[in-house]
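Have a look at the model before reading on.

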Amino acid sequence: MNPDKVDIFVLDLMLNNESGITLANKIREIKPDIPILFISGHVEAFKKELGDAPILHKPFSVATLINKVKEITAALDG
C-alpha cells in the first residue's frame, strides 16, 4: 500500500492483535496529517484515549459512513 494515495483511514478500535489506537499511532508516524475515523461498538472503553477523534458507533449504515467520511475530508479542504 502506498500511503501517499490514501485519503483517510477507517479503523476499528478492537483489532485481533492490537488496538485501533495503536495502529493509528503507527500510521501517524508515517503520515502524520492523515485523517483517521475510528469505528466501534465499544467506545466507552476507549473514551480517554480517543479524546476528540472522529468516531462512529456500531452499528451504522453505509450512508452514515459515507457522510462521516465526506465531513472529515471536507474539513481538510477548508
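Among contacts in the protein between residues at least 6 apart in sequence, what percentage join residues at least 24 apart? The value is 50%, where contact means heavy atoms within 4.5 Å.

A word on the ground rules. This is a predicted model, with residues numbered from 1 along each chain as its sequence is written. Local features need pLDDT of at least 70, side-chain atom pairs count only at pLDDT 80 or more, totals for chains, interfaces and linings use all residues, and side-chain values use heavy atoms, with hydrogens and water left out.

**Overall build**

The protein has 3 helices and 3 strands, and its elements run β-α-β-α-β-α from the N terminus on. Helices (H or I, at least four residues) and strands (E, at least two) are DSSP runs, numbered from the N terminus. With 78 residues, a compact globule would have a radius of gyration near 12 Å, and the protein agrees, since it has 12 Å. That radius is taken over C-alpha atoms, and the globule rule is 2.2 Å times the number of residues to the power 0.38. Along the principal axes, the C-alpha atoms fill a box of roughly 30 × 30 × 25 Å.

Buried residues make up 33% of the 78, buried being under 20% relative accessible area, exposed over 50% and partly exposed in between (1.4 Å probe, protein chains only).

**The sheet**

The 3 strands form an open, parallel sheet in the order β1-β2-β3. β1 (9-12) and β3 (55-57) are the edge strands, each pairing on one side only. Neighbouring strands are turned by 25° against each other on average, direction ignored; axes are lines fitted to C-alpha atoms, for helices over the stretch in contact, and angles run from 0 to 180 degrees between N-to-C directions. Two strands pair if DSSP finds at least two bridges between them. β1 and β2 are joined by 4 bridges, while 3 bridges join β2 (residues 36-40) to β3.

Some of the bridge partners are:

| Residue | Partner |
|---|---|
| Leu11 | Phe38 (β2) |
| Ile39 | Leu56 (β3) |
| Ser40 | His57 (β3) |

What about β2 itself? 5 of its 5 residues are buried, so β2 is largely enclosed by the rest of the structure. Ile36, Phe38 and Ser40 point one way from β2, and Leu37 and Ile39 the other way. From β1, the chain crosses through helix α1 (residues 20-30) to β2, and this β-α-β crossover is right-handed: with the strands pointing away from the viewer, the path from the first strand over the helix to the second runs clockwise.

**A cis bond**

The peptide bond from Lys58 to Pro59 is cis, with omega near -5°. Pro59 is found in the loop between β3 and α3 (62-77).
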